[in-house]
Amino acid sequence: MHVICIIDDDSSVRKAVANLLKSEGYQPVCFQSGESFLASPWKNQAACLVLDLCMADMQGHDVQRSLNALGYRVPVICMSAQASEQAIAASMQAGAAQFIAKPFTAEVLLAALAGAVKDSI
């Protein structure tokens, strides 16, 4: 069972994504901030991250930069309601596997996740 870490400061998004992933056979682990994720042992076990870019404290791109600096190469799916060309380009340049715009459908997230997890095996 693949561990998928969901990092979003919006509890309703975390809960909805976690419930969807659970129903699809993934093991979701939720974090309300980038700091809490980076301080956890789950960063060593994650098959993929679902990462919000715009959070109250540490931004998604900062999480990506921290992971890169630490040598972690886990696939990242960035998500944001602010889906500008600049945000998408910055995410992909930092190594994101996918970028999805909020709001998104279950099918869009699951397709992005399937591709990211498959590519990491």
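**Salt bridges and cores**

Guide: Happy to. Asp62 forms a salt bridge with Arg65, with the closest N and O atoms 2.7 Å apart. A salt bridge here is a side-chain nitrogen of Lys or Arg within 4 Å of a carboxyl oxygen of Asp or Glu. This is a predicted model, where local features need pLDDT of at least 70 and side-chain atom pairs count only at pLDDT 80 or more, while totals for chains, interfaces and linings use all residues. Residues are numbered from 1 along each chain as its sequence is written, and side-chain values use heavy atoms, leaving out hydrogens and water.

Visitor: Where do Asp62 and Arg65 sit?

Guide: Both are in helix α3, 3 residues apart, so about one helical turn separates them. Helices (H or I, at least four residues) and strands (E, at least two) are DSSP runs, numbered from the N terminus.

Visitor: Is Asp62 buried or partly exposed?

Guide: Partly exposed, at 29% relative accessibility. Arg65 is also partly exposed, at 49%. The cut-offs are under 20% relative accessible area for buried, over 50% for exposed, and partly exposed in between (1.4 Å probe, protein chains only).

Visitor: How many salt bridges are there by this rule?

Guide: The count comes to 3. Asp8, Asp52 and Lys102 are linked in a network of them. Lys102 meets Asp8 at 2.8 Å, N to O, and Lys102 meets Asp52 at 3.3 Å, N to O.

Visitor: What does the Lys102 and Asp8 pair tie together?

Guide: Lys102 lies in the loop between β5 (98–101) and α5 (106–120), and Asp8 in the loop between β1 and α1 (11–23), so the pair ties together parts 94 residues apart in sequence. Both Lys102 and Asp8 are buried. Asp52, in strand β3, is 50 residues from Lys102, and Asp52 counts as buried at 4% relative accessibility.

Visitor: Switching topic: which residues touch the most other members of the largest nonpolar core?

Guide: Cys5, Ile7, Phe37, Leu49 and Leu67, out of 21 residues. Such a core is a set of buried Ala, Val, Leu, Ile, Met, Phe, Trp, Tyr and Cys residues joined through side-chain atoms within 4.5 Å. Elements giving two or more residues include β2 (27–31), α2 (34–38) and β4 (76–80), and β1 gives the most, with 3 residues.

Visitor: What is Leu49 in contact with?

Guide: Leaving aside neighbours within four places in sequence, Leu49 is in contact (heavy atoms within 4.5 Å) with Cys5, Ile7, Phe37, Leu67, Val74, Pro75, Val76 and Ile77. Apart from this core lies another, of 20 residues, among them Val13, Val17, Ala18 and Leu21.
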